[in-house]
Amino acid sequence: MIEPHITHEPIIEVGIVSGTEIHFNLSTHYRLTGTYVGGCVVYSCYVQGPQTVRYADGQIGWQNKTFDTLILQPAESADSTFELQEVTIGIDFHWQRRENQTFGGLLKFVIEDERLTAVNVLPLEDYLVSVISSEMSAHASEELLKAHAVISRSWVLSQIYPLSGIRPHTLYHVCADDHCQRYQGLTRPITEKARQAVADTRGQVLTSGGRLCDTRYSKCCGGAFEEFQYCWEDTPQPYLRKQRDWRVPQGDTTVPAPDLPDLTVEAEAERWIRSTPDAFCHTTDQHILKQVLNHYDQETTDFYRWRVEYTQEELSALIQRRSGVDYGQIIDLVPIARGTSGRIWQLKIVGTQQTRIIGKELVIRRTLSPSHLYSSAFVVDREDLSPEGIPARFILTGAGWGHGVGLCQIGAAVMGEQGYKYDEILKHYYVGAEIENIY
């Protein structure tokens, strides 16, 4: 028996969009239920079509009425849908945009920080069908879809029932964007293949030591896995540990597996990042990439190895804007500590006015980009130094896309195309973990 003890499919609550005013449209009749004065008085009616709710001094405003809670449930058919307008996706990333999104299940509104948040309430397995169709293409290989169904199920359950008792959100279980995992309802095409992948793995999760695994994943590890503690809390997880994203070709025992250099050593990390070593995720095959990258993700063309350039003026202004700290002119960016994939988790920013050390990897990525730098696995070249040693230009050469912990989506897509089964994919990226069926 694993911890926590889960015996049936949970109902999940997903925060979709927030604002002082939210517009939505109901495809059929929904029963609207609102409560007043702490739930002592209940109002109920049937509504359809375009609707608007507003934040009203700590309450939910709808059609000149105010409520403490507001829930809308399909009245005619379980297949009824609602559309939320102007949903922001890719928040703070370079592909951020707004779009209208369609959902099934229940819709409720909660008050959060003097705003309203629209929350979709639905069974976990229905949620997963959308997640694996939102995180990647619903036309991906069967084995990749199965692998992703298992890790998406494991991750969200680890957030609903966290061992620490602390949830990432307090009024609902998870959000719908990259902060948690992408969930875009019925907006993206959902194939029978995606539905079947979820059905075939129903109730399956990854466990380690009798506990649910915290199954993180990212777009591209860059050829080496990062360990949990270099990105988040200083609590190493036995199944999220360093390994090269490479395996001996199936059936060929004559090919030795290459060692992974110690990328916590600066010289080794620099050699690794400036080279293009073989790895599952080292691919430019568009057929494979389209399995993982949605249309807006495909705007990112270089990810296994990438290059970003800044002038002195651009970088100093960017760092001040993103960090709120005026370093003056930037003299150097010095890696202080790297993780097992070469990702920097402590970076010294040396300026003419002050010097500070920042980290971990997400803080570094946010500080050095208008949105998020692809990853913190990078080396720095300073060019055209002044007599005072101040560079006119900085070149960042980097590896991978995302934090690099757990499953590498592009590497897993390659494995699926090469004939690996979903359990082999999972055991490659979550070292020593086990697959268990809990309901």
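**A sheet and the helix packed on it**

Mentor: In this predicted model, three strands form an open sheet in the order β16-β17-β18, and their pairing is antiparallel. The edges of the sheet are taken by β16, covering 330–338, and by β18, covering 355–358, each of which pairs on one side only. Averaged over the sheet and with direction ignored, neighbouring strands are turned by 15 degrees against each other. In general, strands of a sheet pair through backbone hydrogen bonds, in either a parallel or an antiparallel manner. Here β16 runs antiparallel to β17, which spans residues 344–351, and seven bridges join the two; within this pairing, Asp 332 stands opposite Val 350 in β17. Helix α6, made up of residues 312–323, packs on the sheet, where it touches β16 and β17, and its direction makes about 60 degrees with that of β16.

For a helix-to-helix packing, one can turn to α2 (residues 142–160) and α3 (residues 192–200), which pack at an angle of about 55 degrees with their axes 8 Å apart. That angle makes α2 oblique to α3, and α2 passes α3 in a right-handed crossing. On the α2 side, the residues that meet α3 are Glu 142, Leu 145, Lys 146, Ala 149 and Arg 153, while α3 contributes Lys 193, Ala 194, Ala 197, Val 198 and Asp 200. Sorted by class, this contact of α2 with α3 has five nonpolar and five charged residues, and no polar ones.

How values were computed: Residues are numbered from 1 along each chain as its sequence is written. This is a predicted model: local features need pLDDT of at least 70, side-chain atom pairs count only at pLDDT 80 or more; totals for chains, interfaces and linings use all residues. Side-chain values use heavy atoms; hydrogens and water are left out. Two strands pair if DSSP finds at least two bridges between them. Helices (H or I, at least four residues) and strands (E, at least two) are DSSP runs, numbered from the N terminus. Axes are lines fitted to C-alpha atoms, for helices over the stretch in contact, and angles run from 0 to 180 degrees between N-to-C directions. Contact means heavy atoms within 4.5 Å. Angles under 35 degrees count as roughly parallel, over 145 as roughly antiparallel, 65 to 115 as roughly perpendicular and the rest as oblique. A crossing is left-handed if the near helix is turned anticlockwise from the far one by less than a right angle, and right-handed if clockwise. Ala, Val, Leu, Ile, Met, Phe, Trp, Tyr, Cys and Pro count as nonpolar, Asp, Glu, Lys and Arg as charged, and the others, Gly among them, as polar.
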